[in-house]
Amino acid sequence: MNPDLERLHPYPFEKLKLLFKDLPASDKSPIALSIGEPKHPSPDFVQQLLRDNSALLSRYPTTAGIPELSDAIASWLKRRFHLNSVDAASQVLPVNGTREALFAFTQAVIDRQRQPLVLMPNPFYQIYEGATLLAGGEPMYLPCTDDTGMQPDFDAVSEDTWIRTQLLFICTPGNPTGATLTKAQLKALIQLADKYDFVIASDECYSEIYRDKPPAGLLQACAELGRDDYRRCVVFHSLSKRSNLPGLRSGFVAGDSEILKGFLRYRTYHGCAMPIHHQLASIAAWNDEIHVEKNRALYREKFDAVLDILGGPLKVSAPAAGFYLWPKTPISDEEFAQRLQAEQNVTVLPGRYLSRTVNGKNPGKNRVRMALVAPLEECVEGAKRIKALLDTL
């Protein structure tokens with residue numbers, strides 16, 4: 001077996017299962033606020049397209065996908081991020097969701113012969129770390145705290161670290177913090193990538209769920225710098241959150257054509273290809289914004305309702321984007337999650353399970369992640385039960 005498999009940490013939900021192992025059963029109905037799986041209805045027109053084109057299951061899809069899908073993605077990118085140019089043939093690659101793409105991309109990009117260092121936010125989406133370890137890289141965790149605006153303090157990274165860096169993961173909007181990077185911050189990172197010759201992988205899968213202002217994107221910052229080649233920059237987007245289609249497994253990677261050329265070769269050998277009827281459904285989803293606007297409105301309504309209940313007893317505020325709350329807990333995050341599960345049958349994820357301890361500090365300690373993905377009534381009931389627990393503390 002690959003010895004690097006032994007370096008992988010248990011996934012957060014494995015830890016959660018162990019945490020709840022011996023808890024007594026509750027007589028209350030379960031409310032899950034732990035998993036970031038959208039529960040809003042999938043668009044009817046997407047479901048109809050899947051049914052209408054199911055006969056295409058008889059055909060092998062190509063790794064690069066049909067040109068019409070890349071064209072639709074390129075058009076969406078230009079509309080959404082005000083880009084002058086996106087070459088659909090060389091700067092866009094459809095993928096089976098961002099999870100597999102982030103992992104595979106790391107394997108393709110990292111040169112394990114050069115003691116690779118991979119920088120990532122802390123807390124972080126666990127795929128960044130697992131992909132790094134299995135690519136033979138060394139993760140470096142950049143804390144995201146109140147003091148840093150819930151995004152990494154890139155100014156605190158030493159020059160020696162930048163020199164060793166091969167890949168920088170950024171997540172904007174962040175999971176679980178919901179914090180976004182500004183165009184000025186993104187431009188500064190692009191200039192650092194140029195200076196020290198590393199790749200930026202920007203995970204932007206929450207970009208379409210925001211309260212007021214659409215978050216900036218990495219390619220948008222490139223374009224404003226006059227760089228339509230998107231050199232050293234790659235973005236990851238998905239229909240899972242934007243369009244409530246997590247089961248479609250449809251997303252894309254876009255940016256530097258030279259990097260994508262090598263990534264396509266890797267994926268061809270890896271055997272990654274999106275079913276053709278999924279591609280046709282994806283085209284329709286990327287071409288429609290009405291369902292996305294309705295989706296955002298549903299999340300805004302839930303945030304307002306839940307924060308109206310929890311805003312007093314719990315130290316929490318609305319994120320700039322995404323569908324998570326990241327509150328501080330009055331007791332240990334693990335104890336809070338245990339008691340909430342046992343006494344109220346509401347599941348949340350302890351923040352330390354999404355973070356790593358560095359220099360004795362874990363930025364997720366005494367926080368929990370709450371995913372407001374369930375219907376409004378269920379989220380409101382969950383908030384009331386959380387408040388009931390808080391009243392006992």
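Helices (H or I, at least four residues) and strands (E, at least two) are DSSP runs, numbered from the N terminus.

I note that this is a predicted model, where local features need pLDDT of at least 70, side-chain atom pairs count only at pLDDT 80 or more, and totals for chains, interfaces and linings use all residues. Residues are numbered from 1 along each chain as its sequence is written, and side-chain values use heavy atoms, with hydrogens and water left out.

**Entry 1: α3 and α12**

I looked up how the axes of α3 and α12 (residues 276-286) lie. They come within 9 Å and cross at roughly 20°. That makes α3 roughly parallel to α12 (under 35 degrees is roughly parallel, over 145 roughly antiparallel, 65 to 115 roughly perpendicular, the rest oblique). Axes are lines fitted to C-alpha atoms, for helices over the stretch in contact; angles run from 0 to 180 degrees between N-to-C directions.

Which residues of α3 make the contact? I found Glu-68, Leu-69, Ala-72, Ile-73, Trp-76 and Arg-79. From α12 come Gln-279, Ser-282, Ile-283 and Trp-286. Contact means heavy atoms within 4.5 Å. I sorted this contact of α3 with α12 by class: six residues are nonpolar, two polar and two charged. Ala, Val, Leu, Ile, Met, Phe, Trp, Tyr, Cys and Pro count as nonpolar; Asp, Glu, Lys and Arg as charged; the others, Gly among them, as polar.

**Entry 2: α5 and α11**

I turned to α5 (residues 98-109) and α11 (residues 257-270). Their axes come within 9 Å and cross at roughly 110°. These two helices are therefore roughly perpendicular to each other. In α5 I listed Glu-100, Ala-101, Ala-104, Phe-105, Gln-107, Ala-108 and Val-109. They meet Ile-259, Phe-263, Tyr-266, Arg-267 and His-270 of α11. The contact of α5 with α11 has eight nonpolar, two polar and two charged residues.

**Entry 3: the sheet**

In what order do the strands of the open sheet run? I read β2-β8-β7-β6-β5-β3-β4, seven strands with mixed pairing (two strands pair if DSSP finds at least two bridges between them). I marked β2 (92-95) and β4 (138-143) as the edge strands, since each pairs on one side only. The twist averages 20° from one strand to the next. Helix α3 (residues 67-81) packs on the sheet and touches β2, β7 and β8. The direction of α3 makes about 110° with that of β2.

I then followed β7 (residues 233-238) and β8 (residues 251-255). They run antiparallel, joined by five bridges. Val-235 has Ala-254 of β8 as its bridge partner.

**Entry 4: cis bonds**

I checked a loop between β5 (165-171) and α8 (183-196), where Pro-173 is found. Thr-172 and Pro-173 are joined by a cis peptide bond, with omega about 0°. Pro-176 also lies between β5 and α8. The peptide bond from Asn-175 to Pro-176 is cis, with omega near 15°.

**Entry 5: positive phi**

I noted that Tyr-230 is not a glycine, yet has a positive phi of about 55°. Tyr-230 sits in the loop between α9 (218-224) and β7. Is Tyr-230 buried or exposed? At 1% relative accessibility, Tyr-230 counts as buried (under 20% relative accessible area; exposed is over 50%, partly exposed in between; 1.4 Å probe, protein chains only).

Asn-345 also has a positive phi, near 55°. I placed Asn-345 in the loop between α14 (333-344) and β10 (346-347). At 11% relative accessibility, Asn-345 counts as buried.
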